[in-house]
Amino acid sequence: MSQSLRILLIADNPEVIRRIGQGLQKQDSGLIMIEGADSLATARRRLGSGAYDLALVDLALGQGDGLHLLSNLVEIAPELPIVALAADDSAPDAAACLALGALDRLAPEAMDSAGLYDRLKSAAARARAGQDSRRRSQRIAGGLGATGDLAWHYERGDEDAWLAAAEPGAWQLPGPECRESLEALRARIHPDDRELALRRIEELVETSQPWQLEARVKVGGGAYRWCTLRGRSQLDARGRLERAAGVLSDAQRQQKALRELKQGRKFLRAVFDSERVPHAVLDSAAVIADCNQAWLSLDDAACHAGKDFGPGTGFIDPPTGPDGFGDLDTAELARGVRQVLGGVAEQFQCEYGDGERRWLIGVSPLLNPGIAGAIVRHEEITASRSAHIETEARLAAFERDFRSLGGPVFRVADGFKVVAANDEAQALGRAPIVGRDVLKVLPRVHADAVGDALAAISAGARAVVRDSRPADGKVMRWLLAARGDAAGNGDGFLVHGVDVSDLSSQAAVGQAPAKEDDEIAAMRRQQEQDRQALAKARQALQAATEESGGLTERLAEEQAQLAELRRALAAAEAQYEELQAGLEQARRDAEKAQREAEWAQRREAESEQAGSKLAKALDAERARHAETLAALSAAEKVPIAIREQLERARQGLRADIDELVGRIFKPLLDEPDRVAGARRADRDESEAG
C-alpha cells in the first residue's frame, strides 16, 4: 500500500482545484490529505499550525506575479518542497520556477493525468533525500571540520560536490561551506597521481565499505601536500551509487602536529618530573591522575600530599580522613578545586601556615581544549615570604631616603619617562610629574641643560654634569648618571639637581667652569656629603627604631599594669556592690523589726498590766535598733570586714526579735485565755455559793 501524502494546495481557481482532485483520484494513490489556501496569508497560517510533505502553488493566484509568489513562499518555508502549477501557457517557464526553488512545474495537461501522484511522490522523495543529505553533510562538517579537515558530500547525478571546512583558507575555499565542480576537484590532485587516484576512487565508491587512499592534493597557497582521502558510499537496491561522503585530511600537517604534540608532551613530562616543586594532575572528577616524584616524597605534617596520597586518590576527600591534608583548610581547598574544574575561576591559591613556616597551594586548569582537569602545586614559601617582607622593608627605607635627599631628584626610565620624584622635584616640575617626559616636566632653562646631558649619555657617557642658570641669578648643577639592572642592561637614568649658587657667586654670569673635571669633583664631593647625610639619617633612624622598641616594651609593661589595676578596680566594684546589697537587706530587716515593734506597742496599749514592761522593752528595743542602724551606717563608711559585722548584726537582730516575741508577745497572746479562765472560775464559784 502506498504511503500517505499531505499536500497544501495554494490556489483560488476552481478549475485548477478540480483538475488536481481528479488527477489524484485516477489510481490507488493511498492516503492523500489535501488542505487548501486561497492566499499567501492563509498558507502562512496553515504552515504555522501543521507540517506538509508538498505544496502545490498556482502561478496565477490572485492575478499576480507567479515568480514573486514562489519567492515569498520559499522565504516563508525554505524546507517545504514546492511544485508550480501552470494553468495556461502564459505562466512562467520551468527554468524560472526551478531557479527560484521549485522542484517541478506541472503543465495544464499534467494536472489531471494518471501519473500525477507518482510525480508528486517522486518530488517529495527527492526533497527529503536532499534534506537528509544536507543534514548529514552538516553533521560531518561539524564533527570533522573542527579538526581542520575538509568534509565532502556527493549525490549521484550531480556535477558538483558539497564541501565544508573549519579553515577555508587552508583548502582555497571561498567560504566555510561551498560547492565545487567535479572537474575542479580532479584538478586539485597532483598530475603524477591523478590518473591512478581517480581510477582507484571509481573502484572504491562502488562498494559500501569505508575506504581510504593517499595522494598529493593542492592546498592553500597552491602547494601540493600528501593528503588522506576517506569516504563511504551508500548504494541503492540495485547496488548503484546513491551518495558518498567523507573527509580529506592533510596528512603532512597532521603528522607534524602529532610530532609537535609528542615532543611537547615529552618536554612537559621532563619538566614535570624534574620539578622540585610537588605537582599533581587531577582529572575532571578531582581524582589524582599523575604526580611527580617531589609530590610522592612529601612527608610533613603541614602537607596534604605524601606516599599514601598518589594517583587514583580523590583530592577533595582523602582516604586518610581529615588529617590527610595536614593543617590545610580542607573546605577552602575543596572550594578552590571545584571553582577551577567548574570554570568559575582561572587560578586558585591558598596560603597557610604559622609565623615560622608558610605553605602555598596553587590550582590551575588543564585545558584540552576545554577544562579536562587541573594541575595542583604545593610548595613551601617560608624563605620567599621572608625575603619579600625584607625587600619591602628595604624598599620602604630606600623610598624614605630618596624622599629626604636634598635638591630635586628624578628617577627616569629608558623612554625619558619620570617614574619617581622627591618632594623638591615635585615642587620644581610642572604637574603631573610621574609618567611624563622629564624634559616636559622641567622648566625650559633646566630642561635645556638636562636634555644636553641626556644626549651625552646617549652617546655613551656614564655620568654627565651640566649647569642651568635661571633668571633669578641662581645656578643649578644637574648630575645625570646612567643606571643598569642586574644583567648589565640599561635601566634608565638618575637626575639630581644641586643648588650651587654660593659656589658660583664670584664667577661671572654665563661663564662656564674652567674644567669639567673640577665640576665632576665638586659633584662627587656633594654626593659624598649626601651619602654621609644619608648615613647619619639611617643611624638616627636606627636609634629611633631602638628607642621606639624600648618605648614599646615600657608601653607594654604599663599596659599590663593598667590591666591589673582595671581587674582590681573591677573586683572592688563587685565587692562594693555586694556590700550595698547587704546593707539594703539589713535596712529591710530593721524596717520589718520596727513595724513589728509598732504593732507590739499597739498591743501594749490594750494590755494594762503589761503596759509598763512593754514600754520599757520597746524603748530598749528602739535603742538597740538605733544602735544597729548607727552601726550599719558606720559600716557603710568602713567596708573592712563588713560582711562579718553584717552577719553579727543579723544574728543579734534575729535573737532580739525572738526574745522580744518570747518575752512580750507570748504573754500577750496567753493573756486572753488566762482572763477567760479566771472569769469562768469566778462564775463557777458564784454559782456554787
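Mentor: In this predicted model, a residue is buried if its relative accessible area is under 20%.

Trainee: Why is W152 called buried?

Mentor: W152 has a relative accessible area of 13%. The cut-off is under 20%, so W152 is buried. W211, at 6% relative accessibility, counts as buried too.

Trainee: How many aromatic pairs are there?

Mentor: Ring centres must lie within 6.5 Å to pair, and by this rule there are 2 aromatic pairs.

Trainee: What makes the pair of W152 and W211 tilted?

Mentor: Their ring centres are 6.1 Å apart and their planes stand at 40 degrees. Stacked needs under 30 degrees and edge-to-face over 60, so this pair is tilted.

Trainee: Why is this pair said to tie parts together?

Mentor: W152 lies in strand 6 (residues 150-155) and W211 in strand 9 (residues 211-218), so the pair ties together parts that are 59 residues apart in sequence.

Trainee: Why is the pair of F416 and F493 called tilted?

Mentor: The centres are 5.7 Å apart and the planes are at 45 degrees, so this pair is tilted. F416 sits in the loop between strand 17 (409-412) and strand 18 (418-421), and F493 in strand 21 (residues 490-499), so parts 77 residues apart in sequence are tied together.

Trainee: Where does R6 lie?

Mentor: R6 lies over the face of Y52, at 4.7 Å from the ring centre; the distance limit is within 6 Å.

Notes:
Residues are numbered from 1 along each chain as its sequence is written. This is a predicted model: local features need pLDDT of at least 70, side-chain atom pairs count only at pLDDT 80 or more; totals for chains, interfaces and linings use all residues. Side-chain values use heavy atoms; hydrogens and water are left out. Rings of Phe, Tyr and Trp (its six-membered ring) pair if their centres lie within 6.5 Å; planes under 30 degrees apart count as stacked, over 60 as edge-to-face and the rest as tilted. Helices (H or I, at least four residues) and strands (E, at least two) are DSSP runs, numbered from the N terminus. Buried means under 20% relative accessible area, exposed over 50%, partly exposed in between (1.4 Å probe, protein chains only). A charge sits over a ring if NZ of Lys or CZ of Arg is within 6 Å of the ring centre and within 35 degrees of the ring normal.
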